[in-house]
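Let's take a friendly walk through this structure, one region after another. Have the sequence and the 3D view open as you read.

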Amino acid sequence: MSTETLEQKKEEVVQKPAEGLLSKRRRRLISDPLNEDNPITVQVLGICSALAVTVKMEPTLIMSIAVVFVIVFSNLIISLLRNLIPNRVRIIVQLAVIATLVTLVSEVLKAYNYEMYKILGAFVGLIITNCIVMGRLEAFAMGNKPYDSILDGLGSGFGYAWIILTVAFFREMFGSGSIFDFKIFEAVGINNFATNGLMVDSIGAFMVLGILIWVQRSKTGYVEH
């Protein structure tokens with residue numbers, strides 16, 4: 001083959017430009033779980049912690065940070081190892097990675113905020129069985145590159161976090177008359193605000209979460225099939 005023919009063939013090859021760090025597709029990895037594909041209100045995953053830890057804002061915030069940390073780093077680790085993990089033991093490997101990260105979170109919380117550890121200890125341990133974390137590893141990290149897996153973890157983690165923080169906001173405000181234990185109604189001069197005992201019970205969490213699901217699905221037009 002002549003040199004001219006080789007040069008012509010090289011010119012015919014059109015190289016695709018490298019995908020941007022925050023291309024449209026990658027932005028959707030973060031934005032979709034916040035709204036249209038939210039893990040709680042759309043996929044109906046992670047409901048237990050959304051109901052159990054949302055009486056107050058502070059433990060809910062700690063739980064949110066813990067879940068975001070675990071899902072992002074488990075996504076990253078599994079994505080890095082995805083070509084080395086035998087298919088028959090992939091679930092065991094995923095659980096081992098999640099359990100290691102959850103143990104790390106639990107020990108850090110125990111060392112630096114023991115009072116919060118006593119409140120959240122059991123629920124932090126249950127992150128191991130959180131369907132959101134396992135679902136993203138199996139559905140995304142096992143088949144995608146590390147950077148994309150990090151973005152997917154951030155999207156799912158923040159999608160989970162804003163829902164449970166919103167539930168906690170209304171439960172603490174109407175159930176205790178405070179936000180982060182700050183008495184907001186007394187601060188604005190309402191000293192006899194009647195708190196709602198229903199909000200500190202699990203049924204209050206069901207009610208607030210149900211309203212959130214209804215509002216969000218009404219806006220997005222999502223319908224169960």
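Where is the place of Asp 181? Asp 181 sits in the loop that links α8 (146-176) to α9 (184-187), where helices (H or I, at least four residues) are DSSP runs numbered from the N terminus. Asp 181 is not a glycine, yet it has a positive phi of about 65°.

A word on the model itself: it is predicted, so local features need pLDDT of at least 70 and side-chain atom pairs count only at pLDDT 80 or more, while totals for chains, interfaces and linings use all residues. Residues are numbered from 1 along each chain as its sequence is written, and side-chain values use heavy atoms, with hydrogens and water left out.

**Loops and annotated spans**

Val 44 also has a positive phi, of about 55°, although it is not a glycine. Val 44 is found in the loop between α2 (24-31) and α3 (47-52). With a relative accessible area of 42%, Val 44 is partly exposed; on this scale buried means under 20%, exposed over 50% and partly exposed in between, with a 1.4 Å probe and protein chains only.

The unreviewed UniProt entry carries the annotation "transmembrane region" for residues 61-81, 93-113, 119-137, 149-170 and 190-215. Such annotations may be inferred rather than shown by experiment. Within residues 119-137 the chain is 74% helix and 0% strand, and the end C-alpha atoms are 28 Å apart. For residues 190-215 the figures are 54% helix and 0% strand, with 29 Å between the end C-alpha atoms.

**Two helix pairs**

Two packed helices are described by the angle between their axes and the distance between the axes. Axes here are lines fitted to C-alpha atoms over the stretch in contact, and angles run from 0 to 180 degrees between N-to-C directions.

| Helix pair | Angle between axes | Distance between axes |
|---|---|---|
| α4 (57-81) and α5 (90-112) | about 145° | 10 Å |
| α2 and α8 | roughly 35° | within 6 Å |

How is the contact of α4 with α5 divided between nonpolar, polar and charged residues? There are 15 nonpolar, 2 polar and no charged residues; Ala, Val, Leu, Ile, Met, Phe, Trp, Tyr, Cys and Pro count as nonpolar, Asp, Glu, Lys and Arg as charged, and the others, Gly among them, as polar. Contact means heavy atoms within 4.5 Å. On the α4 side the residues include Phe 69, Val 70 and Phe 73, and they meet α5 residues including Val 97, Ile 98 and Leu 101.

The contact of α2 with α8 has 4 nonpolar, 1 polar and 4 charged residues. Arg 25, Arg 26, Leu 29 and Ile 30 come from α2, and they meet Tyr 147, Asp 148, Leu 151, Asp 152 and Gly 155 of α8. Arg 27 is another residue found in helix α2. Arg 27 counts as partly exposed, at 47% relative accessibility. Between the C-alpha atoms of Arg 27 and Ala 194 there are 44 Å in space, and the two are 167 residues apart in sequence.

**The nonpolar cores**

The largest nonpolar core has 39 residues, and Val 70, Val 124, Ile 127 and Leu 209 have the most contacts inside it. A core of this kind is a set of buried Ala, Val, Leu, Ile, Met, Phe, Trp, Tyr and Cys residues joined through side-chain atoms within 4.5 Å. Helix α4 gives the largest share of this core, 8 residues. A second, separate core of 5 residues includes Met 57, Ala 168, Met 173 and Phe 185.

Leaving out residues up to four places away in sequence, Val 70 touches Ile 98, Leu 101, Val 102, Val 105, Ile 127 and Val 133. Ile 98, in helix α5, is buried with a relative accessible area of 0%. Beyond its neighbours within four places in sequence, Ile 98 is in contact with residues including Ser 74, Ile 128, Met 134 and Leu 137.

Ser 64 lies in helix α4 and is buried, with a relative accessible area of 3%. Setting aside residues up to four places away in sequence, Ser 64 touches Ala 161, Ile 164 and Leu 165.

Arg 136 is placed in helix α7 and counts as buried at 17% relative accessibility. With the sequence neighbours up to four places away not counted, Arg 136 touches Ile 71, Asn 75, Ala 141, Asp 152 and Ser 156.

Note on methods: Helix = DSSP H or I, 4+ residues; strand = E, 2+ residues; numbered from the N terminus.
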